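Open the model in your viewer and keep the selection panel handy. We will go from the whole chain down to single residues, one selection at a time.

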Amino acid sequence: MSVPALFFGGDRLGAPLEVAQGKRRQARMGVAVMDIGSNSVRLLLWREDGREQLLETTRLGEGAAHGRLTEGAMERTAQAIAGFANRAREAGLPLYAFATSAVRDAENAGALLERVKAGCGVKIDVLSGKEEALAAYLGAVRGGSGAVIDIGGNSTELAAGSGGRLERSESLQLGAVRLQALYGDNRDGALAHARACLEADGLRGWREGEMAGVGGTITSLAAYDLGLWRYEAAKVDGHPLTLKAVRQSVETLWSLTAEQRARLPGISQSRAQIIHQGALVLLAAMEALGTGRVLASPHDNLEGYARLRGLEIPAS
């Protein structure tokens, strides 16, 4: 099939730090941004009259422990990408697509990239760990100062900066899908793995000030803490997850089956499969960083990636 001109994702950023910190233009007519993550594929459709965000759980990172994408995960992901590309096409919006750790680390990632490009014409920009951390920072912190933690399915990114300029970042091979694949119901093993990964990077004392938290683990935990049966981004935005609350959440989530977790407020059926592992990562990270709370943010790498591309998407 011919490749539609509106799909831009595959050309490299060149110098992403310079692009991100330069002048940006507002996406006047609108823009679509797609995140091909380790747990899900997400699509942000932004127009001047509003925004819409879609998600499909594909578990692309389920083979991360073995360094290869499974055939089933690639097929699920390719289908989700094609469906979302059609949504962007129907809306007449330019589409920017990027992938993170699951694709970055897989030895057979090229098979997925070629399948997607041949099937629906979408070219995917595979971010480095530093670029992934920067996208999270630009999404949550925007032009201000502070730090951010982004807990994903296959990796966890930490970033800090001031005045909209990134000063430090870390990308760790630690995520909810990865821990589930490695340890299953072995809580002690999963927690020890998370702590060892974080301690190896010597993170304590590396940042000051408030820390924002992005990603499905953190926004779901915030919605659970708030008792939200229907997700409301405005209520989740800025909600503090204290160390005490996170510890309590870990105890509760690990005491339940996935089916029981799915009946809790704020936790979807698909998220219930891995939320207990994501909560462990957050607990271990807060302990390693010495922080008493994390402020949940729905503004994440979807918006941050647009900023990497020199586009500004208003927060509301």
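This is a predicted model: local features need pLDDT of at least 70, side-chain atom pairs count only at pLDDT 80 or more; totals for chains, interfaces and linings use all residues.

Residues are numbered from 1 along each chain as its sequence is written, and side-chain values use heavy atoms, with hydrogens and water left out.

Now colour by secondary structure. Of the 316 residues, 55% count as buried, with buried meaning under 20% relative accessible area, exposed over 50% and partly exposed in between (1.4 Å probe, protein chains only).

**Stop 1: the largest nonpolar core**

Select Ile149, Leu174 and Leu282, which touch the most other members of the 43-residue core. A nonpolar core here is a set of buried Ala, Val, Leu, Ile, Met, Phe, Trp, Tyr and Cys residues joined through side-chain atoms within 4.5 Å. Elements giving two or more residues to this core include strand 7 (146-151), strand 8 (156-162) and helix 8 (216-226). Helix 12 gives the most, with 11 residues.

Next, centre on Ile149. Beyond its neighbours within four places in sequence, Ile149 is in contact with residues including Leu158, Met211, Ile218, Ala285 and Val294. For a separate, second core of 30 residues, select Ala32, Ala85, Ala102 and Ala109, which are among its members.

**Stop 2: helix 12 and its partners**

Two packed helices are described by the angle between their axes and the distance between the axes. Show helix 7 (residues 187-200) with helix 12 (residues 275-289): the axes come within 9 Å and cross at roughly 40°. That makes helix 7 oblique to helix 12. The contact includes Leu191, Ala194 and Leu198 of helix 7 and Leu280, Val281 and Ala284 of helix 12. By class, this contact has 9 nonpolar, 1 polar and 3 charged residues; Ala, Val, Leu, Ile, Met, Phe, Trp, Tyr, Cys and Pro count as nonpolar, Asp, Glu, Lys and Arg as charged, and the others, Gly among them, as polar.

How do the axes of helix 10 and helix 12 cross? They come within 9 Å and cross at roughly 150°. That makes helix 10 roughly antiparallel to helix 12. Angles under 35 degrees count as roughly parallel, over 145 as roughly antiparallel, 65 to 115 as roughly perpendicular and the rest as oblique. Among the residues making this contact are Val246, Val250 and Trp254 of helix 10, and Ala279, Leu283 and Met286 of helix 12. The contact divides into 11 nonpolar, 2 polar and 2 charged residues.

**Stop 3: helix 6**

Select residues 176-183, where Ala176, Val177, Arg178 and Leu179 are buried. Their cover includes helix 3 (101-105), helix 7, helix 8 and helix 12. Just after helix 6, click on Gly184, which takes a positive phi of about 55°.

**Stop 4: Arg59**

Finally, select Arg59 in the loop between strand 4 (50-57) and helix 2 (71-91). Its phi is near 50°, a positive value in a residue other than glycine. Is Arg59 buried or exposed? Arg59 is buried, with a relative accessible area of 16%.

Methods: Axes are lines fitted to C-alpha atoms, for helices over the stretch in contact, and angles run from 0 to 180 degrees between N-to-C directions. Helices (H or I, at least four residues) and strands (E, at least two) are DSSP runs, numbered from the N terminus. Contact means heavy atoms within 4.5 Å.
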